[in-house]
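Hi,

Here is the structure I promised to pass on.

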Amino acid sequence: MKRLLKKNQIIITSLAVMIAVAGYLNYSGRLFGDGLGGDDDEVANQELLDISLESGETDITETPGEAVLTSGEASGIVAEAKVTREQVRAKNKEMLMEIIDNDKLSDEQKKDAVAQMIAMTELAEEEASVETLLLSKGFSEVVVNLTETTADVVVNAAELTDANRAQIEDIITRKTDIAPENIVITPMHE
């Protein structure tokens, strides 16, 4: 019985690691960066196109489903990063729900999946909170990606002063448990 329990724990842990790696690769664009993500990419692109057409901010290119935001390249990058982040998160939550709903797994394994889902939700809430605070401080077009120990921040700015960097680090350290040395701030050029 103990051997079966350990084997199931190894399988669940392996699945969780694979989910995390797939999420990272998808978010970083290494695996699906060429637009090979399938129907989800087409739906997301169409939704972005529809939103852009409603606001009158796009020009249609020769490639169907592709839009160029005339208000600046940064807007498109930020929007794409946020949509991709949410798609990855939705896929990860779906996989965790499958684990939770699996009758063949033990209660402990299900509790582990629930804990991972809670942690993912907490990170999403922290990201939203940090992005909102940064926007309120005058940083436009911000994307924040958090893990348990690191923070990556992309800000629409040609350059950031030391005061700007300190302000961003202060907001992140106040809203998360991430140390300043684990925060990477990247200015995005138009």
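Strand 3 and strand 4 (residues 151-156) run antiparallel and are joined by 5 bridges. Strands and helices here are DSSP runs numbered from the N terminus (helices are H or I with at least four residues, strands E with at least two), and two strands count as paired if DSSP finds at least two bridges between them. Before you dig in: this is a predicted model, where local features need pLDDT of at least 70 and side-chain atom pairs count only at pLDDT 80 or more, while totals for chains, interfaces and linings use all residues. Residues are numbered from 1 along each chain as its sequence is written, and side-chain values use heavy atoms, with hydrogens and water left out.

Back to that pair: a hairpin of 4 residues links strand 3 to strand 4, and Asn145 has Asp152 as its bridge partner in strand 4.

The open sheet has 3 strands in the order 3-4-5, with mixed pairing. Its edge strands, strand 3 and strand 5 (183-188), each pair on one side only. Strand 4 and strand 5 pair in the parallel sense over 6 bridges, and Val153 has Ile185 as its bridge partner in strand 5.

Cheers
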